[in-house]
Amino acid sequence: MAIVALIGTMDTKGEEYAWLQEKLEAHGVHTTRIDVGPMSTAEADYTPDAVAEAAGADLNQLIAANDRGAAMQTMAEGAARIVTSLYEQGQLNGALAVGGSGGSSVAAFAMQALPVGVPKLLVSTMASGDVSPYVGESDITLMYSVVDVAGINSVSEQVFGNAVAATAAMATAHEARSTAPAGDHKPLIGLSMFGLTTPAVDEARKELLELGYEPLVFHATGSGGRAMEKLAGDGALAGTLDLTTTELADDLVGGVLSAGPHRLEAAGKAGIPQVVSLGALDMVNFGPRELVPGVFDDRTFVVHNATVTLMRTTPEENSELGKRIAAKLAAATGPTTLIIPLHGLSGIDIEGAPFHDVDADQALFTAVKEGLKGSAVEIIEVDSDINAPGLGRDAAQRLHAMISEQ
């Protein structure tokens, strides 16, 4: 029978969680109650004391310090460790939570610790605004509560009822998958792609299919990069073909598509074979042209469409990007290859195109090669641009050889 973790502040939402538990069990689903309300005395499978202990903290000390922020962060970390442990023991097939901003933040943090594919549903008063902090790079399903999470009424009963039915169905399906005989699954490969590196990635994807892999393409828009990093960190990928590392430029310069400072690290830490290139590092992404910060007015721009404006990176920025990429790749614990396309990083960084800048590209190449001196990273310099026929196919074949040698 499927098991769903109920994660919530049961000191303030006890009535709602009792109702959720009753309805889930009516659907034939077992529940595990994880109480993350620091002041709660409600009955739960994991009390606030147990949650704090899982995070390596003493709840009484947290309460005495009268620091709600620290207490809630401890609850979040403890809940994350509990659900991860339950999942690893085969005692969790899904997670459900309801709450306002505080409870949603704690529950979302715990849910994000679970692998992609484990059902996660959060009913929140915050689900109608910017939900990126709650979803992160995970596959959390968000449902707007419509009314505040304050008792069961004619509206919340319908919303919560839908959440219960959805969670029960997803958890039951997950439990069936988990207990089914293992079948033959093609190894998964993560690929990063941007519109201006599509020819290279499409060629690589087709070659990987021919070689017997299942390629997963991630759009390098910040969330895409984070999603690929999470799957790599979870051990779900056999390798990564990270041809499009443009999100690092946004992180450095302040563009809108940053995947955070830890992009290009998960595969290396996990020891997963990776073939990396410098795709679209000639650009930083912003929204509409009129919203680009005025400090950049003297830069070179391409208006990609009404909502996306591209800005050319400078030699100074590219030099710093080269140093950062070299440091990340040099720290990898698995086989790593860097492909340097000497004549263009994107479809608009070729001779005659608006972002063609030999000096800027050369600053990137020089810095990354200097940073990788003495490392185990293989460097392949290609006498073409990144989208030239053959580069994507060659990259896929190199990754296949690295995987086969493990």
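Modeller: Let's begin with L264, which is buried, with a relative accessible area of 3%. Buried means under 20% relative accessible area, exposed over 50% and partly exposed in between, using a 1.4 Å probe and protein chains only. This is a predicted model, where local features need pLDDT of at least 70 and side-chain atom pairs count only at pLDDT 80 or more, while totals for chains, interfaces and linings use all residues. Residues are numbered from 1 along each chain as its sequence is written, and side-chain values use heavy atoms, with hydrogens and water left out.

Biologist: Where does L264 lie?

Modeller: L264 is in the loop between helix 10 (247-253) and helix 11. Helices (H or I, at least four residues) and strands (E, at least two) are DSSP runs, numbered from the N terminus. L264 also has a positive phi of about 75°, although it is not a glycine.

Biologist: And what about the phi of N66?

Modeller: N66 is not a glycine, yet its phi is positive, at about 55°. It sits in the loop between helix 3 (59-65) and helix 4 (68-88).

Biologist: Is N66 buried or exposed?

Modeller: N66 counts as exposed, because its relative accessibility is 71%.

Biologist: Back to L264: which residues line the largest cavity?

Modeller: L264 is one of them, and the lining also includes M228, E229, D242, R263 and Q274. A cavity here is a set of points, on a 1 Å grid over the protein atoms alone, where a 1.4 Å probe fits but cannot get out; a pocket is an open set with protein on both sides within 12 Å along at least five of seven lines, and lining residues have an atom within 4 Å of a point. The elements that give two or more residues to this cavity's lining are helix 9, strand 8 (239-244) and helix 11 (266-270). Helix 9 gives the most, with three residues.

Biologist: What volume does the largest cavity have?

Modeller: About 50 Å³. Grid points are joined across faces, edges and corners, and a volume is the space filled by probe spheres set on the points.

Biologist: OK, pockets. How much space lies in the largest pocket?

Modeller: About 650 Å³. Its lining has 16 residues, and Y87, V116, H185, L188 and A236 lie nearest the centre. Helix 7 gives the most to that lining, with three residues.

Biologist: How does the lining of the largest pocket look by class?

Modeller: Eight nonpolar, four polar and four charged residues. Ala, Val, Leu, Ile, Met, Phe, Trp, Tyr, Cys and Pro count as nonpolar, Asp, Glu, Lys and Arg as charged, and the others, Gly among them, as polar.

Biologist: And the second largest pocket, which residues lie nearest its centre?

Modeller: E137, E229, K230, H262 and A266, out of 13 lining residues. About 320 Å³ of space lies in that pocket. Helix 9 (residues 223-233) brings the largest share of the lining, four residues. By class, that lining splits into three nonpolar, four polar and six charged residues.

Biologist: You mentioned helix 7. Where does V155 lie?

Modeller: V155 is in helix 7 (residues 154-179). V155 is partly exposed, because its relative accessible area is 31%.
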